[in-house]
Amino acid sequence: MENKIRIGIVGYGNLGRGVELAVTKNPDMELTAVFTRRDPSQVKLAVTGVKALHVDDAASMRDKIDVMILCGGSATDLPEQGPRFARDFCTIDSFDIHAKIPEYFAAVDAAAKEGNHISIISVGWDPGLFSLNRIYAESILPDGDTYTFWGRGVSQGHSDAIRRVKGVKNAVQYTVPVPEAIEAVRSGSRPSLSTRQKHTRECFVVAQEGADLARIEAEIKEMPNYFADYDTSVTFITEEELQRDHAGIPHGGFVMRSGESKSGTRQLIEYSLTLDSNPEFTSSVLVAYARAAFRLAQKGESGARSVFDIAPALLSPKNGEELRRTLL
């Protein structure tokens with residue numbers, strides 16, 4: 001085998017640990033280093049023979065890493081880290097604040113061109129794989145409507161919002177598609193669906209001892225931007241029940257396009273995911289796109305890309321002949 005693609009990881013939370021695992025599943029890759037803001041001596045990696053280093057030491061590894069996978073959060077980490085690392089490395093990230101993607105792309109694009117690197121942004125399943133399915137479906141069925149449903153799965157942002165409510169000790173929130181809405185789309189009726197009609201929210205809350213449960217429930221259900229526009233249920237449980245029944249991070253969803261090729265001829269495109277672990281699956285997508293970034297860089301390309309710009313063949317370890325013979 002030719003030399004392996006040398007992968008670096010920035011951030012060692014759920015996503016970083018998922019990337020570490022995903023690299024071991026790809027024989028053409030190897031993990032070179034993990035960079036953390038914590039004390040590296042306190043970070044224990046799952047892969048033996050790989051060092052954890054402080055993030056400030058990353059620049060010294062420019063010649064030892066082919067692709068750096070950025071595993072920080074979109075709110076505060078990636079807006080700073082994306083452009084910063086794009087100057088020194090080819091990068092992959094999962095920036096997922098949809099409204100801010102254009103400005104983030106522009107910042108990373110300028111930095112990547114300055115450093116003569118390739119950076120693929122907003123990689124994952126939404127944005128990412130769901131984005132690809134939306135563009136395929138809308139291009140194929142111009143006369144149609146696109147619907148995206150998320151869940152049933154844990155929303156980490158919404159769970160965090162509940163945990164910030166006074167009197168809440170711990171909480172998990174699930175986003176749940178409304179079955180009737182999905183079936184209405186599948187029927188070909190092309191329904192106009194409100195936010196409330198598409199998803200419900202299920203909250204499992206561990207309250208602090210003596211807390212006002214009625215107030216907590218009301219505050220959650222009335223929370224703007226999170227729960228006020230949804231039918232929301234709040235169930236109070238013990239910490240033991242939370243750890244036993246809600247410790248995982250499952251997710252998934254559907255992208256659907258309902259349209260007509262001519263009047264009365266209905267066509268439906270549907271793509272779905274069912275995930276036991278959201279971060280592990282997202283990490284697997286990041287690692288596949290790292291292969292694409294490496295190949296584009298070898299061709300001398302530079303600048304930012306989105307998943308829309310990456311040919312599917314660049315994701316696969318198989319060569320063109322193998323792909324045509326086995327998958328086409």
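1. Let's start with how two helices cross. Helix H2 passes helix H3 in a right-handed crossing; a crossing is called right-handed if the near helix is turned clockwise from the far one by less than a right angle, and left-handed if anticlockwise. H2 covers residues 77–86 and H3 covers residues 101–115. (Helices are DSSP runs of H or I with at least four residues, strands are runs of E with at least two, and both are numbered from the N terminus.) Their axes lie 7 Å apart, at an angle of about 25°. That makes H2 roughly parallel to H3, since angles under 35 degrees get that label, over 145 is roughly antiparallel, 65 to 115 is roughly perpendicular and the rest is oblique. Axes here are lines fitted to C-alpha atoms, for helices over the stretch in contact, and angles run from 0 to 180 degrees between N-to-C directions.

2. Before going on, keep in mind that this is a predicted model: local features need pLDDT of at least 70 and side-chain atom pairs count only at pLDDT 80 or more, while totals for chains, interfaces and linings use all residues. Residues are numbered from 1 along each chain as its sequence is written, and side-chain values use heavy atoms, with hydrogens and water left out.

3. Which residues of H2 and H3 make the contact? From H2 they are Leu 78, Pro 79, Gly 82, Pro 83 and Ala 86, and from H3 they are Tyr 104, Ala 107, Val 108, Ala 111 and Ala 112. Contact means heavy atoms within 4.5 Å. By class, there are nine nonpolar residues, one polar and no charged ones. (Ala, Val, Leu, Ile, Met, Phe, Trp, Tyr, Cys and Pro count as nonpolar, Asp, Glu, Lys and Arg as charged, and the others, Gly among them, as polar.)

4. H2 also has a sheet to lie on. It lies across S1, S4, strand S5 (90–92) and strand S6 (118–120), running at about 175° to S4. The sheet is open, with seven parallel strands in the order S3-S2-S1-S4-S5-S6-S14. At its edges are S3 (51–54) and S14 (303–305), each pairing on one side only. Two strands pair if DSSP finds at least two bridges between them. S1 (residues 5–10) and S4 (residues 67–70) are joined by four bridges, and Gly 8 has Met 68 of S4 as its bridge partner.

5. Now for the other sheet. Three strands form an open, antiparallel sheet in the order S7-S12-S13, with S7 (144–150) and S13 (265–275) at the edges. From one strand to the next, the twist averages 10°. Helix H4 (residues 129–140) packs on this sheet, touching S7, S12 and S13.

6. Nine of its 12 residues are buried, so S12 is largely enclosed by the rest of the structure. (Buried means under 20% relative accessible area, exposed over 50%, partly exposed in between, with a 1.4 Å probe and protein chains only.) S12 (residues 251–262) pairs with S7 over seven bridges and with S13 over 11 bridges. Tyr 147 has Met 256 of S12 as its bridge partner, and Asp 145 stands opposite Ser 258. In the hairpin of S12 and S13, two residues sit between the strands, and Gly 264 takes a positive phi near 90°.

7. Last, a loop residue. Lys 64 lies between S3 and S4 and is partly exposed, at 46% relative accessibility. Leaving aside residues up to four places away in sequence, Lys 64 touches Arg 6 and Thr 32.
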